[in-house]
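Student: I have a new structure open and I'd like to talk it through with you. Could you start with whatever term I need for the inside of the fold?

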Amino acid sequence: MEKVIIGRIDRADFPKLGLSDIDIKIDTGAYTSSIHCNHIREEDNILCCTFLDPKHPEYNGKEMRFSDYDITAVKSSNGEIQYRYVVQSNITIFQKTFKISLTLSSREDMRFPVLIGRKFLTKKFIVDTELTDVSHSQKVL
């Protein structure tokens, strides 16, 4: 597969999660990809959560439920290890849909609700930090 050039920020769709045109930040310093989520809890081996928050235009308050999930250790930029839930989903970018693993975390204080890390980028993309919204500008509306 030929690698596609992606900029430092863009917008993507997450069809399985019912989210469109979500701001994403490409983070080559992060290994895993992460999505802003709140009200995360386990009930009878089902992971329940709400994506985004009321301040976000795509927030719908809909609770998502996952029977297939895991827990992973994520090392923050300051070296602190956090344990996070991880779910499998999909992302549509450059008019193609890919599988993606997303860790769930509170990113309410962050500008971008989604970080895309190296695990997803590897073998698919080359990052050009001068560019922005490369995929979104090619999106067929």
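Tutor: A nonpolar core is a set of buried Ala, Val, Leu, Ile, Met, Phe, Trp, Tyr and Cys residues joined through side-chain atoms within 4.5 Å. Please keep in mind as we go that this is a predicted model.

Student: Ok, how many residues does the largest nonpolar core have, and which have the most contacts inside it?

Tutor: The largest nonpolar core has 32 residues, and the ones with the most contacts inside it are Phe14, Leu17, Phe51, Leu104 and Ile116.

Student: What is Phe14 in contact with, leaving aside its neighbours within four places in sequence?

Tutor: Once those neighbours are set aside, Phe14 is in contact with Leu19, Ile22, Ile24, Asn90, Ile91, Leu102 and Val114.

Student: What about Ser89, is that one buried or exposed?

Tutor: Ser89, which is found in strand β8 (residues 81-93), counts as buried because its relative accessibility is 2%. Not counting residues up to four places away in sequence, Ser89 touches Lys16, Leu17, Phe98, Lys99, Ile100 and Leu102.

Student: Switching to rings, how many aromatic pairs are there in the whole structure?

Tutor: A search of the whole structure finds 6 aromatic pairs. In one of them, the rings of Phe98 and Phe120 have centres 5.7 Å apart and planes at 85 degrees, so that pair is edge-to-face. The pair links distant parts of the chain, with Phe98 in strand β9 (residues 96-105) and Phe120 in helix α1 (residues 118-121), 22 residues apart. Phe98 is buried, with a relative accessible area of 13%, and Phe120 is buried at 6% relative accessibility.

Student: And which kind of pair do Phe98 and Phe125 form?

Tutor: Phe98 and Phe125 form an edge-to-face pair, with 6.0 Å from centre to centre and 65 degrees between the planes. Because Phe98 lies in strand β9 and Phe125 in strand β11, this pair ties together parts that are 27 residues apart in sequence. Ring pairs also link Phe94, Phe98, Phe120 and Phe125 into a cluster.

Student: Now charges: how many salt bridges does the count come to?

Tutor: The count comes to 6 salt bridges. One of them joins Arg11 with Asp23, where the closest N and O atoms are 3.8 Å apart. Arg11 sits in strand β2 (residues 9-14) and Asp23 in strand β3 (residues 19-26), so this pair, 12 residues apart, links distant parts of the chain.

Student: Where do Asp13 and Lys139 lie, and how many residues apart in sequence are the parts they tie together?

Tutor: The side chains of Asp13 and Lys139 meet in a salt bridge at 3.0 Å, N to O. Asp13 lies in strand β2 and Lys139 in the segment after α2, so the pair ties together parts that are 126 residues apart in sequence. Asp13 is buried, with a relative accessible area of 16%, whereas Lys139 counts as partly exposed at 26%.

Student: Which residues do salt bridges that share partners join into one network?

Tutor: Glu43 forms a salt bridge with Arg41, their closest N and O atoms being 2.8 Å apart, and salt bridges that share partners join Arg41, Glu43, Glu63 and Arg65 into one network.

Student: Last one, which residues make the nonpolar surface patch of about 240 Å²?

Tutor: That patch is made by Ile5, Ile126 and Leu131. Leu131 is found in the loop between β11 (125-127) and α2 (134-138), and Leu131 counts as partly exposed because its relative accessibility is 31%.

Terms used
Residues are numbered from 1 along each chain as its sequence is written. This is a predicted model: local features need pLDDT of at least 70, side-chain atom pairs count only at pLDDT 80 or more; totals for chains, interfaces and linings use all residues. Side-chain values use heavy atoms; hydrogens and water are left out. Buried means under 20% relative accessible area, exposed over 50%, partly exposed in between (1.4 Å probe, protein chains only). Contact means heavy atoms within 4.5 Å. Patches are made of residues with over 30% relative accessible area and no salt bridge: like charges are joined within 9 Å, nonpolar side chains (Val, Leu, Ile, Met, Phe, Trp, Tyr) within 5 Å. Accessible areas come from the Shrake-Rupley method with a 1.4 Å probe; for residues, only the protein chains shown count as cover. A salt bridge is a side-chain nitrogen of Lys or Arg within 4 Å of a carboxyl oxygen of Asp or Glu. Helices (H or I, at least four residues) and strands (E, at least two) are DSSP runs, numbered from the N terminus. Rings of Phe, Tyr and Trp (its six-membered ring) pair if their centres lie within 6.5 Å; planes under 30 degrees apart count as stacked, over 60 as edge-to-face and the rest as tilted.
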